[in-house]
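Subject: Structure handover

Hello,

Here is the structure I promised to pass on. Please open it alongside this message.

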Amino acid sequence: METIALIGPYDPQIKALLYHSMPCEFAIKEISSENQYDQLKDVHYIILRTLTLNDQVIKEIPHLKLIQRWGVGYNTVDIKAAGSRNIPVAITSGMNAPSVSEMAVLLMLAVYRQLPLLHGNVLQGKWRGEEGIASSSYVIDGKLVGLIGLGAIGKQVVHKVRSFGAAVQYYDAFRLAPEEEAKLGVTYVELEELLRSSDIISLHLPLTETTKHLIRKETINLMKDSVIIINTARGEIIKEADLIEALQQQRILGAGLDVVENEPPAVDSPLLKLTNVVLTPHMGGSTFDINTSMVKRCVDNIVRVSCGKNLRPSDVVNQQYFTNA
């Protein structure tokens with residue numbers, strides 16, 4: 001019998017779905033923290049959420065056949081080390097695109113309409129609250145949304161914000177074909193132009209050595225004073241200290257962040273004191289219906305590898321490091 005390790009924190013509903021969906025020929029072992037990694041020696045498959053798998057850990061799992069990430073980020077895995085042993089690192093490509101894209105738009109609306117402030121005022125008995133809220137609130141309609149990264153999530157953001165009346169431009173290291181751009185209704189621009197001209201900048205790209213601190217003082221200084229920045233990707237794409245400074249000085253209008261550089265933020269983090277920021281706790285991809293789809297993809301990928309079948313190319317993120325590629 002082959003063994004699957006569930007590594008990281010999982011909601012009880014997710015675990016119940018995984019146990020219910022997994023074929024009976026697999027055993028499941030739960031690993032909740034990295035100090036339990038000594039229990040991985042007999043594991044064949046890993047479903048990884050939140051925690052880290054480095055080169056040394058991967059080397060010490062002799063029968064490992066697949067590292068399956070819960071979600072689409074893979075910065076917590078040494079994909080090169082896995083690839084050197086021909087172990088695929090797989091993501092659940094496209095599975096959480098509906099929920100993350102909705103979170104991105106939710107944050108846009110919440111920042112523009114000052115939702116936390118309005119909600120807090122009502123709870124405090126201030127039906128209208130202080131004067132001037134309306135004159136500092138905005139709509140998505142008529143704005144130019146700039147997407148950095150246009151994968152499955154970004155494409156769903158396009159459909160959603162266009163339905164609000166926004167125009168969309170994008171930058172991606174891999175430009176779409178002109179016919180696909182026309183079909184989506186998007187315009188490709190270079191990164192500097194996107195930063196200079198967008199009213200809303202939304203991040204939809206993986207964390208890599210190239211994208212770490214992509215948004216920092218130098219790039220923020222290119223932006224409009226009225227811009228809002230949305231991040232539902234990875235916190236380290238933004239240099240947090242530089243963003244905080246820009247928000248404190250009202251160099252930009254606001255930010256909506258589902259992810260931050262250090263999670264969770266310290267209780268004395270300046271982010272928690274700013275009124276032009278809306279924060280959510282890295283929950284963009286976490287909904288019950290999306291979790292069901294994610295479980296199905298994780299189980300399907302494990303069964304595929306067990307049966308000697310190929311994984312979907314869009315799921316495998318380390319093929320380039322395979323020694324037999």
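Predicted model: local features only at pLDDT ≥ 70, side-chain atom pairs only at ≥ 80, totals over all residues.

Aromatic pairs

The ring-pair count comes to five. Take Phe-26 and Tyr-45, whose ring centres are 5.8 Å apart. Their planes sit at 80°, and planes over 60 degrees apart count as edge-to-face, so this pair is edge-to-face. Phe-26 belongs to strand β2, residues 26–31. Tyr-45 belongs to strand β3, residues 45–48.

Tyr-170 and Tyr-188 form another pair. Here the ring centres are 5.4 Å apart and the planes are at 70°, so this pair is edge-to-face as well. It links distant parts of the chain. Tyr-170 is in strand β7 (residues 167–171) and Tyr-188 is in strand β8 (residues 186–188), 18 residues apart. Both Tyr-170 and Tyr-188 are buried. Tyr-171 comes in as well: ring pairs link Tyr-170, Tyr-171 and Tyr-188 into a cluster.

Phe-322

Look next at Phe-322, in the segment after α11 (288–306). Is Phe-322 buried or exposed? Its relative accessible area is 14%, and buried means under 20%, so Phe-322 is buried. What does Phe-322 touch, leaving aside residues up to four places away in sequence? The contacts are Gly-83, Asn-86, Ile-87 and Pro-88. Phe-322 and Lys-80 are 242 residues apart in sequence, yet their C-alpha atoms are 8.3 Å apart in space.

The second largest pocket

This pocket holds about 510 Å³ of space. Its lining has 21 residues. Gln-114, Leu-274, Thr-275, Asn-276 and Val-277 lie nearest the centre of the pocket. Which elements give two or more residues to the lining? They are α4 (97–112), α5 (115–123), α10 (240–248) and β12 (277–279). By residue class, the lining divides into 15 nonpolar and six polar residues, with no charged ones.

That is the set of notes for now.

Best wishes

Key: Residues numbered from 1 in each chain as written. Heavy atoms only, no water. Phe/Tyr/Trp six-rings, centres within 6.5 Å; stacked < 30°, edge-to-face > 60°. Helix = DSSP H or I, 4+ residues; strand = E, 2+ residues; numbered from the N terminus. Buried < 20%, exposed > 50% of the residue type's maximum accessible area, 1.4 Å probe, protein only. Contact = heavy atoms within 4.5 Å. 1 Å grid on protein atoms, 1.4 Å probe; cavity = no way out; pocket = protein on both sides within 12 Å on 5 of 7 lines; lining within 4 Å. Points joined across faces, edges and corners; volume = space filled by probe spheres on them. Nonpolar A, V, L, I, M, F, W, Y, C, P; charged D, E, K, R; others polar.
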